[in-house]
Amino acid sequence: MAGCLSVLGAFKYLDFFVDSFAAVLGTDAAGLGVHWRILLPIGISFYIFQSISYLVDTYRGDAPGDVRLIDFAAFIALFPQLIAGPILRYKDLAPQFQHRTHSADMFTAGTMRFFVGLAKKVLLADAVAPIADLAFTSPDPSMALAWLGAVAYALQLYFDFSGYSDMAIGLGMMLGFRFQENFDAPYISRSITEFWRRWHISLSVWLRDYLYIPLGGNRVSRRRTYVNLMAVMVLGGLWHGAAWTFVIWGFWHGLWLAYERATGFAARDLGIGALVRTLLIVLAGWVVFRAPDVATAVGVFAGMAGLNDVALAPQTALALPAESLMALVLAIAVAALTPTIRRFAGTRLTPAPDGPVGVLDTVVPTVLVGGLALLAALRLAEQSFSPFLYFQF
């Protein structure tokens with residue numbers, strides 16, 4: 001495990017530590033005689049975490065220690081989720097390496113799930129991206145622009161990453177694998193505790209099982225429990241990237257998790273007020289998460305507080321594409337109605353983890369997904385570049 005962490009530390013964080021140390025001395029990396037930059041291998045965080053989970057599970061006796069090399073290699077290099085998750089654990093996939101169900105019905109279901117994810121990415125995430133980019137690159141964003149940009153980025157990140165997760169799950173189904181769900185309508189959460197049960201579920205479970213519980217979890221004193229929550233979330237922030245903005249983002253979420261545990265907030269009967277409160281907390285965190293540096297985040301917060309102009313400047317309004325604004329409204333509706341959409345789609349798009357796929361209840365989901373696939377293909381043909389946001393983490 002030390003070797004895995006050393007590799008991750010060298011490739012992902014060495015530049016960050018060098019830059020931070022140089023800043024303390026009032027210079028830069030070149031001033032310290034460091035003239036190299038380490039290139040970050042794509043997906044390193046995901047397959048390092050998966051390797052660590054296997055080592056820990058083997059040590060605990062939760063996973064077999066005598067696996068075939070070919071099975072372990074397939075687990076690490078399983079291409080559908082290799083780049084951006086979900087984070088898998090060997091003990092969950094081991095039976096599937098030995099036996100998987102292949103059928104035309106499951107392949108069709110996987111294809112449909114893949115196209116749903118592609119539509120999320122191309123038709124929603126990419127469409128609202130110009131609003132976020134404009135807000136976070138403006139030196140003094142107005143209140144309207146700052147709030148539009150913050151909401152746009154929250155939706156861009158959600159549909160980008162949940163879209164990739166859908167595509168990974170769909171590709172896995174085409175190969176006979178069933179991967180765990182990674183998102184469960186996080187923007188309907190009534191608390192930050194609930195939000196982390198719904199957002200990037202595989203990472204939340206990994207941090208809980210391999211960091212929070214080993215630190216003592218909530219089996220220690222109340223003060224130590226709060227420290228554990230803070231430490232886990234700060235390290236979770238650093239996992240996303242080597243920058244102080246990610247550290248602040250992790251600290252922010254850890255602070256609210258500790259507060260909710262201390263006050264019992266998450267266990268209460270929560271209504272619309274709790275939903276608004278949670279969304280505002282999450283939105284504030286995303287501003288720091290998106291900003292390239294702390295100064296930019298402060299500028300966006302100043303705009304959200306109305307310290308700059310309130311309304312959109314005429315030139316700014318002209319720079320906002322009408323299709324992006326329409327996509328923003330659609331994205332908000334889809335994020336809010338995700339549970340209803342899932343119930344309508346039935347088992348064809350969200351099959352039970354251990355259950356059969358089954359036949360279509362109606363032809364409506366097939367027609368809708370086919371239409372989404374066509375629109376996504378047309379949009380891709382129009383675009384020259386469409387990277388996944390989570391590649392950078």
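1. Helix H10 (244-263) crosses helix H11 (272-290) in a right-handed manner; a crossing is right-handed if the near helix is turned clockwise from the far one by less than a right angle, and left-handed if anticlockwise. The axes of H10 and H11 come within 8 Å and cross at roughly 160 degrees, which makes H10 roughly antiparallel to H11. Axes are lines fitted to C-alpha atoms, for helices over the stretch in contact, and angles run from 0 to 180 degrees between N-to-C directions. Angles over 145 degrees count as roughly antiparallel, those under 35 as roughly parallel, those from 65 to 115 as roughly perpendicular, and the rest as oblique.

2. The H10 side of this contact includes Trp-249, Trp-252, Trp-256 and Glu-260, and the H11 side includes Arg-277, Ile-281, Trp-286 and Phe-289. Contact means heavy atoms within 4.5 Å. By class, the contact of H10 with H11 has 12 nonpolar, 3 polar and 2 charged residues. Here Ala, Val, Leu, Ile, Met, Phe, Trp, Tyr, Cys and Pro count as nonpolar, Asp, Glu, Lys and Arg as charged, and the others, Gly among them, as polar.

3. The model is predicted: local features need pLDDT of at least 70 and side-chain atom pairs count only at pLDDT 80 or more, whereas totals for chains, interfaces and linings use all residues. Residues are numbered from 1 along each chain as its sequence is written, and side-chain values use heavy atoms, with hydrogens and water left out. Helices (H or I, at least four residues) and strands (E, at least two) are DSSP runs, numbered from the N terminus.

4. Helix H1 (residues 2-24) and helix H2 (residues 44-60) pack at an angle of about 165 degrees, with their axes 10 Å apart; they are therefore roughly antiparallel to each other. Their crossing is left-handed. Among the residues making the contact are Leu-8, Phe-11 and Lys-12 of H1 and Ile-48, Phe-49 and Leu-55 of H2. By class, the contact of H1 with H2 has 10 nonpolar, 2 polar and 1 charged residues.

5. Helix H9 (residues 222-240) has 19 residues and reaches 28 Å from its first C-alpha to its last, close to the 27 Å expected at 1.5 Å a residue. The expected span is 1.5 Å times one less than the number of residues. Buried residues of H9 include Asn-228, Met-233, Trp-239 and His-240, where buried means under 20% relative accessible area, exposed over 50%, and partly exposed in between (1.4 Å probe, protein chains only). Their cover includes H1, H2, H10 and H11.

6. Phe-179 lies in the loop between helix H6 (143-174) and H7 and is buried, with a relative accessible area of 8%. Not counting residues up to four places away in sequence, Phe-179 touches residues including Leu-78, Pro-86, Leu-93 and Ala-168. Phe-179 and Asp-92 are 87 residues apart in sequence and 8.7 Å apart in space, C-alpha to C-alpha.

7. Ala-168 lies in helix H6 and is buried, with a relative accessible area of 1%. Leaving aside neighbours within four places in sequence, Ala-168 is in contact with Pro-80, Gln-81, Gly-85, Pro-86 and Phe-179.

8. Ala-185, in the loop between H6 and H7, has a phi near 50 degrees, a positive value in a residue other than glycine, and is buried at 1% relative accessibility. His-200, in the loop between H7 and H8, has a positive phi of about 40 degrees although it is not a glycine; His-200 is buried, with a relative accessible area of 0%.
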